[in-house]
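Colleague: I am new to this structure and would like to learn how to read its features one at a time. Could we go through them together?

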Amino acid sequence: MHAEQIAFPFRTKRPDRHNNPSADLIGRSYVDGHAIITVASVCLNDDRRVMVARDLDGRTWSMPAWLMRLIFLEKNGKRAA
């Protein structure tokens, strides 16, 4: 009997940062009341979502990357009425 190695097509443990469009959000943070919300990583199952962590209680959750981009959008002045 000969031993053979079987390779299953499982996903990788970490998404590739070079090919991921949401990788630039990792490490960015914003203040919400007394808590600081930080983007911790890209979701393993969906690269269009990011994992965020709250420093106040350590809670983590996922949210869409487009929503985080909207939060980090810097306004360059006020619009005229």
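Colleague: Where in the chain does Ile-6 lie?

Modeller: Helices (H or I, at least four residues) and strands (E, at least two) are DSSP runs, numbered from the N terminus; here Ile-6 lies in the segment before strand 1, which spans 29-32. This is a predicted model, in which local features need pLDDT of at least 70 and side-chain atom pairs count only at pLDDT 80 or more, while totals for chains, interfaces and linings use all residues. Residues are numbered from 1 along each chain as its sequence is written, and side-chain values use heavy atoms, with hydrogens and water left out.

Colleague: Is Ile-6 buried or exposed?

Modeller: Buried means under 20% relative accessible area, exposed over 50%, and partly exposed in between (1.4 Å probe, protein chains only). Ile-6 has 62% relative accessibility and therefore counts as exposed.

Colleague: Which residues make the nonpolar surface patch with Ile-6?

Modeller: Patches are made of residues with over 30% relative accessible area and no salt bridge, where like charges are joined within 9 Å and nonpolar side chains (Val, Leu, Ile, Met, Phe, Trp, Tyr) within 5 Å; the areas come from the Shrake-Rupley method with a 1.4 Å probe, and for residues only the protein chains shown count as cover. In this model Ile-6, Phe-8 and Phe-10 make a nonpolar patch of about 430 Å².

Colleague: What does Ser-22 touch?

Modeller: Contact means heavy atoms within 4.5 Å. Leaving aside residues up to four places away in sequence, Ser-22 touches Val-42, Asp-47, Arg-48, Val-50, Ala-65 and Arg-69. Ser-22 belongs to the segment before strand 1, and with 4% relative accessibility it counts as buried.

Colleague: What does the side chain of Asn-20 reach?

Modeller: A polar contact is a pair of N or O atoms within 3.5 Å; within protein, one must be able to donate a hydrogen and the other to accept it, and residues adjacent in sequence count only if both atoms are side-chain atoms. The side chain of Asn-20 reaches the backbone nitrogen of Ser-22 at 3.0 Å, and Asn-20 is itself buried, with a relative accessible area of 10%.

Colleague: In which sense do strand 1 and strand 2 pair?

Modeller: Two strands pair if DSSP finds at least two bridges between them. Strand 1 and strand 2 (residues 35-42) pair in the antiparallel sense over four bridges, and Asp-32 stands opposite Ala-35 in strand 2. Their hairpin has two residues between the strands, and there Gly-33 takes a positive phi near 70°. Ser-29, in strand 1, is ten residues from Val-39 in sequence and 6.3 Å from it in space, C-alpha to C-alpha.

Colleague: How many salt bridges does a search of the whole structure find?

Modeller: A salt bridge is a side-chain nitrogen of Lys or Arg within 4 Å of a carboxyl oxygen of Asp or Glu, and the search finds three. One of them joins Arg-69 to Asp-24, with the closest N and O atoms 3.0 Å apart. Arg-69 lies in helix 1 (residues 65-72) and Asp-24 in the segment before strand 1, so this pair ties together parts that are 45 residues apart in sequence. Arg-48 forms a salt bridge with Asp-46, the closest N and O atoms being 3.3 Å apart, and the side chains of Asp-57 and Arg-54 meet in another at 3.0 Å, N to O.
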